[in-house]
Each structure stands twice: as C-alpha cells, then as structure tokens.
Amino acid sequence: MDTPQKFSNSKEVINFLVESFPACFSNKGDAKPLKIGIFQDLAERLEGEERVSKTLLRSSLRHYTNSWRYLHSIKTGAERVDLDGKGVAVIEEEHVEHAKKQLDESKAKVAAKRKEQADANKKAKPKDIPKFKTNKKPVPAKKEQPKVKLPPAEKLTDEDVKPGTAVTVKIGKTPMPATITDVSKDDVQVQLDSGMIVKVKLENLRLARSKR
C-alpha cells in the first residue's frame, strides 16, 4: 500500500482543515473565532494522519489566525467555536483589543512597505539604468558634394554647321559628344565618339563647350 504524500506547506494544511472541519475552518467569506486550545483538539482528531506533522500543523494554525480575515472576526460579542462549529465561549474584551492592535500593526507594515517601494520608483532615473557598450563605431555623415552649375549648351550658328565641328547630340536623355561629318538639307550626319555614325535633326545638336 502506498504511503500518502505529506503536506509541504501551510496552504495545503489549511485547505485540508477546511475540507475536514468545514463548520470550524473556512478560506472564503467571514472566518469564525476558534476555541482557545483548539490545537490540542486537532492533534487528537488527526492522530494517525500521516500527511501532516504536528510542527506543520502548529505553524499552519498560526498562519490562519494571523490573517487579516481571521483578525477581523475577533469582535466584541462574537463566540468562539470548536471543531464541530459549536459555540464554546464569548470572546473576552482583552482578546478583541489584542486582535485590533495586531491587525493595525500588520496593515501599517504593509502600507510602509508599499510607500517605500513607491519612493524608490520615483527616485529611479534613466541615468540609473546601466548602459550597455557596443563595439559599433558611429558612422560619419556623408558630406554632400556641392552641385556645380554648368552653363547652358549653345545652339549651333550657321558658321558652326560644317564638317569637323565638335558637338553634343541628344540621343535619349543623355547628350553624347560627336563630330559633324556631313551636312544635308534636312539633317546632319555626325560621328559619335564610339565610332557610330547617325543622322539627326539640327535642333538636336548643341555646340560642344570644349571647342569654344
């Protein structure tokens, strides 16, 4: 037969107590004030229960009775209950005052801790964040080259329209250097620097600047 696994923390023990003694323990809603000496009653009822040790049972019971929900239940006129939920005694006034003091101190500690954390967050500045160094060197910005304005190309005069005159001919979008080789009535024959000979209209020719 397998040995049942032991409880490892107070949460597991409290859930076990809620299931085993629902008229006494609860984990939701209002808690019920417990009978003084209820630990001894639990030890007797749970005799032979291998899942919970007496040490863990004691610490779990302390955890349960120190919770804000339980401390709120310790009020004047409230009645303590046993494991079966039966009333056994009215809470004494000194116990009410002790529970109130314990609750106020616990809330004050939580409030102080929250304030301390909030102040620490306000003081934190971007400079406090560590900067990670990289081996990347800054890339220098490229300097824009000044644009050189060229004088407009000159149209050919009647004197220029003759073989041997250096010109530029507009073929497509880019003017290309050429030399006039023949002149006819309707067009002009030129030879490009590449050696190609083409016929073009006179209006497509401009005088090469290097020859002026």
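Mentor: Angles under 35 degrees count as roughly parallel, those over 145 as roughly antiparallel, 65 to 115 as roughly perpendicular and the rest as oblique. The model is a predicted one, in which local features need pLDDT of at least 70 and side-chain atom pairs count only at pLDDT 80 or more, while totals for chains, interfaces and linings use all residues. Residues are numbered from 1 along each chain as its sequence is written, and side-chain values use heavy atoms, leaving out hydrogens and water.

The protein has five helices and seven strands (DSSP runs numbered from the N terminus, H or I of at least four residues for helices and E of at least two for strands), and along the sequence they follow the pattern α-α-α-α-β-β-α-β-β-β-β-β.

The pair to examine is α1 (10-20) and α3 (54-65), which pack at an angle of about 80° with their axes 9 Å apart (lines fitted to C-alpha atoms over the stretch in contact, with angles from 0 to 180 degrees between N-to-C directions), and the two helices are therefore roughly perpendicular to each other. From α1, the residues Ser 10, Val 13, Ile 14 and Leu 17 meet Leu 56, Leu 57, Ser 59, Ser 60, His 63 and Tyr 64 of α3, a contact being heavy atoms within 4.5 Å. Six of the residues in this contact are nonpolar, four are polar and none is charged (Ala, Val, Leu, Ile, Met, Phe, Trp, Tyr, Cys and Pro count as nonpolar, Asp, Glu, Lys and Arg as charged, and the others, Gly among them, as polar).

Both helices also bear on α2 (residues 38-45), where Ile 38, Phe 39, Asp 41, Leu 42 and Ala 43 are buried, that is, under 20% relative accessible area with a 1.4 Å probe and protein chains only. The cover over these buried residues includes α1, α3 and β1 (79-81). Across the 212 residues of the protein, 26% count as buried.

Definitions and conventions. Buried < 20%, exposed > 50% of the residue type's maximum accessible area, 1.4 Å probe, protein only.
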